[in-house]
Amino acid sequence: MKRTIAAITTIIVAIGLAAVGVTGAATAAGSGDPVPYTVTATSLTLPSGDVFSANGNNDGNVKYIPSSQYVAGQTYTNPGANWTVTNVNFHLENKPGFGAGVEGASTLPFSISGSDGAFKANLPTTGYCIVWVQVGGYNQHFGEGGQAPICSATTAQYAAAATTIIGATCQVGQTLDLSAVDHATFGSITYGATLPDGSRTYSVTAAAFAGYTFVSTGNNQLPLSGTLAGPLTTGCSTQPACVSSPTWSYTYNQSTASGVITVTKAGAHNGDVLCQPLYVRSTTWNYILPTNGTPSWPQSFDAKQDITISTISSTGVAYAAPDVTNLCQQHDIYATFSSNGFGDLTIPTQLNGPNNPYEPAFLHATLSGKGPTPTYSNDTDAGCTKTAPAATLAAGACYWDASQQGSFKTATLSYDNSKSNVALEFDVTGYPAYTRTVAAGSVVTVSLPASSSGGVSYTVTAGGTSFQVGIGAYAECPPTVQACTTTTGPVLSTNLVPNGWVYTETRAHGHNVYVTNALHIYTDGTTDVGAGNVNTDKAAGYYTPAASIALSAIGYPSIDYSSTSGSLPGIQLIIDTNNDGVADATLVYESGMGSNPTGLASSATGKWWATKDLGVGDASAPNPSYQKSWGTLNEYLKKYPDARITSIGYSLGSGAKGDGLISGITAGCENFTFNQVNAPTAAPAPVTFQDVCGKASDAVFIPTPGAGDHYTYTKTVDTRDADGVGTVTVVATANANYAFPAGTVASWSHTFQSDSALNCTDIAGDPTAHNPACNAVDGTITSGYITVIASTGIVYTIHNDADGAATTHDVTTTSGNTNLAAGNYTVTAAAVSPFVLSHAIAPFTPLVVGAAPTNCQLTTFAQFTPEVSAVSPSCSNGVATGGYILIDPNDGLNYFIGSTQLTAAKTPMAPGTYSVLARVTDPADTIDTRVPNPMSVVISKLVTSCAQLTTLAFTGGAGPSGFLIASAVLLLLGGALIFTRKPRNPRHTIA
């Protein structure tokens with residue numbers, strides 16, 4: 001027979017729940033100790049001999065998270081940053097529907113029905129992890145002791161998809177069949193270019209339904225690709241020709257969403273191959289309710305069935321929509337003749353209306369006029385069960401939020417759609433984050449924002465019905481010190497680097513000695529009483545944080561202390577009660593007192609005494625003579641809600657003899673540790689940086705530690721970009737059991753700058769030398785000079801090599817020409833502050849400025865008058881002479897007939913008219929514009945025979961012969977006159 005004893009009620013501060021009524025032996029162990037009961041993902045079982053009972057207090061709770069958020073190693077005390085915790089309470093009363101069914105049992109199922117209503121909400125069907133369980137009558141809480149979460153069994157849901165290649169014929173290449181698919185849909189097919197042999201590549205991606213994955217990829221996407229061969233090229237002479245333009249017909253029964261498709265042609269036989277197959281896809285869609293009308297929208301894809309009709313079939317091929325058992329559906333028959341096959345029959349996962357977002361062609365459209373229209377059917381929604389769901393809002397225990405300085409309760413909304421066989425949408429007005437669809441037959445619980453003491457009210461619309469749920473106003477609950485779910489640190493204090501810990505309150509016969517991984521504290525046990533009646537036995541240490549800590553955030557301070565002998569140290573908090581920056585008293589927690597049974601390990605519910613009367617507690621302190629106030633941290637916080645802790649510490653004494661090791665102290669959710677370490681043989685050598693022009697020349701020089709240095713260097717930051725601009729930080733870290741003395745420089749940082757920020761500059765080009773020259777304007781001699789190109793921040797020095805080492809005649813310049821005497825020169829360049837050279841400049845080639853010319857003749861522009869004449873043929877001594885054109889080849893002009901240049905003084909030419917063009921030889925000269933240019937000259941024909949002239953004699957002045965002789969003389973004189981030129985304007989030479 002099972003034992004029945006009274007339940008022991010414990011004070012639960014952080015959660016604020018009363019204890020569950022459990023019969024059996026209660027334990028005084030800590031809340032983080034191993035739990036005596038058994039927790040699974042679906043139930044709680046009490047230890048042997050203990051049963052659930054409604055005769056006492058009867059509350060408890062279970063917390064869970066989605067299993068997708070759980071990472072191995074995480075616990076309730078070390079949670080993941082992304083955890084969203086859902087809380088479910090259980091409450092046992094001795095009446096049906098409120099837990100009477102499990103009274104006297106040792107196991108409580110985690111479900112409403114299994115616990116007869118004691119468990120207030122159902123867990124998800126799968127995919128969750130239990131992280132916390134609290135049971136009344138047991139101080140131990142599952143999860144608080146670092147227990148690993150217990151997760152529900154999960155069954156992986158896999159989708160499948162595959163492509164099937166339909167063989168090629170002599171007329172048609174291979175085609176693709178996408179009918180092999182399970183819990184997934186195919187997207188559109190992408191084809192490559194058709195090659196000369198008729199082949200082409202293809203690629204298509206299958207997408208798994210929500211909650212499903214593909215085994216081969218591990219996710220919800222499955223890309224498939226391959227190559228489709230072209231038509232057959234061999235053996236076709238024996239293959240029958242494909243059947244084109246056959247006759248199609250079909251039947252369709254709306255009540256069964258099925259029918260038969262036949263294809264015939266005169267002279268063709270069953271099994272003859274069609275030149276163009278017909279692809280048929282039959283689908284079923286489920287109504288997404290609640291909604292009205294027939295058909296009902298929207299609809300979610302349920303199932304499909306594909307067939308391909310590629311041969312003559314006069315007997316017909318049957319087709320039917322799959323899964324027609326549910327009376328809450330629509331059935332659609334689609335079809336296509338496209339060479340893309342089922343790739344043109346892809347369907348969405350949800351239809352919001354006809355062709356919304358899209359639909360393939362229906363069978364009745366593809367085979368228009370070949371059978372009944374339409375080829376789809378739908379059920380009425382009369383067969384759809386759409387019971388309006390219920391929604392309830394539950395409140396957690398009142399808690400104080402220090403950051404908001406107010407009281408709050410958690411709010412949990414449960415959506416109960418367990419009585420419906422269709423998914424329904426729930427909407428919480430004013431909180432759109434909780435608009436969701438709840439699956440048929442399921443219950444979903446979500447956490448709403450916590451409500452303040454003024455209460456909260458929500459309008460919930462579910463299944464078309466709206467109603468109010470809420471939490472009414474409630475009394476403010478007092479502020480409470482919040483337990484630390486995690487701690488930061490550890491902050492390591494060593495003999496070389498105390499890291500904020502000071503021991504000035506330690507007296508002459510108290511000692512604080514750093515040892516390996518601990519702080520050894522002890523007192524000598526003297527009995528002396530010094531000035532002010534103070535004993536010198538006291539070892540104490542204090543840590544003052546950079547900013548004071550709110551009392552509400554101090555957590556439950558504790559010391560990890562191993563006692564060798566004697567008294568134990570106390571935990572101390574220096575308190576500023578009104579946050580004015582002035583310490584008002586010291587709060588002390590000491591183990592061994594009746595109100596502190598858990599010792600130094602936890603100050604959660606124990607009493608603290610104060611060195612001054614803070615008006616907390618009464619005279620029940622063990623030593624009221626110096627323990628002026630006596631209360632829990634919550635009582636001090638209630639009295640002083642703005643209180644802050646300025647320092648934390650410990651004290652052994654005064655006047656107490658004790659000896660032990662402190663390995664850690666936790667306060668303010670921060671962990672402090674201690675260790676005795678050695679100092680390296682020398683301070684770390686500094687890290688240096690070279691930040692110069694050009695990224696390639698930048699450098700970080702990190703020294704190499706010696707074998708006995710006991711530290712290493714690490715580059716902790718390097719933000720340099722592609723141009724070398726950014727910050728580099730190098731830190732020296734002491735090896736294990738070593739530390740740098742306080743004040744040691746162990747970190748170096750430098751920000752590398754851009755070349756422009758460093759004022760980097762460079763020369764634009766080398767200097768050049770120029771010799772003296774004649775001035776083309778006035779005939780003077782210009783000076784020789786050296787030219788330098790202006791460059792930002794660059795100054796040039798021109799040195800006459802004849803000076804040797806002397807700089808008497810050096811010339812400095814930044815740009816332009818510098819006139820110089822003839823000689824040898826060396827030019828150097830240098831940057832002037834704040835500019836620096838981008839790189840070293842190679843020595844310039846030595847320059848030479850030559851001597852000036854001894855005589856400078858300046859020729860003025862000349863103007864030439866072209867002269868051209870022609871001599872016609874004539875007779876001489878009875879012989880005919882030819883005609884020619886006369887020019888002066890040395891008159892500074894060139895003469896052209898067309899493109900032919902006249903180069904001789906006399907150029908024989910046939911009779912005719914010629915156009916002669918004159919051009920200047922020197923482009924600086926000009927041609928006299930008063931003379932036509934080009935000029936026209938004529939060479940006449942000889943009009944008489946020269947043989948007749950031989951009989952003529954020149955005898956006297958009387959008679960015809962005299963005239964002939966005179967004429968000949970005149971003719972010769974005319975030829976001579978041709979060579980008498982007009983004068984030209986000459987060039988003038990200036991000495």
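Guide: Accessible areas come from the Shrake-Rupley method with a 1.4 Å probe, and the model to which that method is applied here is a predicted one.

Visitor: How much accessible surface does the chain have, and what share of that surface belongs to carbon and sulfur atoms?
Guide: The chain has 991 residues, of which 38% count as buried. Its accessible surface comes to about 48,600 Å², and the share belonging to carbon and sulfur atoms is 54%.

Visitor: Which residues are linked with Asp-306 in a network of salt bridges?
Guide: A search of the whole structure finds six salt bridges, and Asp-306 takes part in one with Arg-281, at 2.7 Å from N to O. Asp-306 lies in strand 20 and Arg-281 in strand 19, so this pair ties together parts that are 25 residues apart in sequence. Asp-306 also meets Lys-304 in a salt bridge, at 3.2 Å from N to O. The residues linked with Asp-306 in the network are therefore Arg-281 and Lys-304.

Visitor: Is Arg-281 buried or exposed?
Guide: A residue counts as buried when its relative accessible area is under 20%. Asp-306, the partner of Arg-281 in a salt bridge, has a value of 15% and is buried. The value for Arg-281 is 4%, so Arg-281 counts as buried.

Visitor: What is the nearest side chain of opposite charge to Asp-332, and how far away is it?
Guide: Asp-332 lies in strand 22, residues 329-336, and its side chain makes a polar contact with the side chain of Tyr-334 at 3.1 Å. Among the residues that Asp-332 touches are Trp-285, Glu-359 and Phe-362. Asp-332 is buried yet has no salt bridge, and the nearest side chain of opposite charge is that of Arg-281, at a distance of 12 Å.

Visitor: Is Lys-95 buried, exposed or partly exposed?
Guide: Lys-95 forms a salt bridge with Glu-93, their closest N and O atoms being 3.5 Å apart. Glu-93, at 25% relative accessibility, counts as partly exposed. With 38% relative accessibility, Lys-95 also counts as partly exposed.

Visitor: What is the relative accessible area of Thr-818?
Guide: Thr-818 lies in strand 59, residues 816-820. It touches several residues, including Tyr-785, Ile-786 and Val-811. Thr-818 is buried, since its relative accessible area is 11%.

Visitor: What is the phi of Asn-499?
Guide: Most residues other than glycine have a negative phi. Asp-116, in the loop between strand 7 and strand 8, has a positive phi near 55°. Asn-499, in the loop between strand 33 and strand 34, is not a glycine either, and its phi is positive, at about 60°.

Visitor: Which residue is joined to Pro-934 by a cis peptide bond?
Guide: Most peptide bonds are trans. The bond from Asn-356 to Pro-357 is cis, with omega near 15°, and Pro-357 is in the loop between strand 23 and helix 1. Pro-934 is found in the loop between strand 73 and strand 74. Here too the bond is cis, with omega about 10°, and the residue joined to Pro-934 is Asn-933.

Definitions and conventions:
Residues numbered from 1 in each chain as written. Predicted model: local features only at pLDDT ≥ 70, side-chain atom pairs only at ≥ 80, totals over all residues. Heavy atoms only, no water. Helix = DSSP H or I, 4+ residues; strand = E, 2+ residues; numbered from the N terminus. Buried < 20%, exposed > 50% of the residue type's maximum accessible area, 1.4 Å probe, protein only. Lys, Arg positive; Asp, Glu negative; His and termini not counted. Salt bridge = Lys/Arg side-chain N within 4 Å of Asp/Glu carboxyl O. Polar contact = N/O pair within 3.5 Å; in protein donor to acceptor, adjacent residues only side chain to side chain. Contact = heavy atoms within 4.5 Å. Lists of a residue's contacts leave out its neighbours within four places in sequence.
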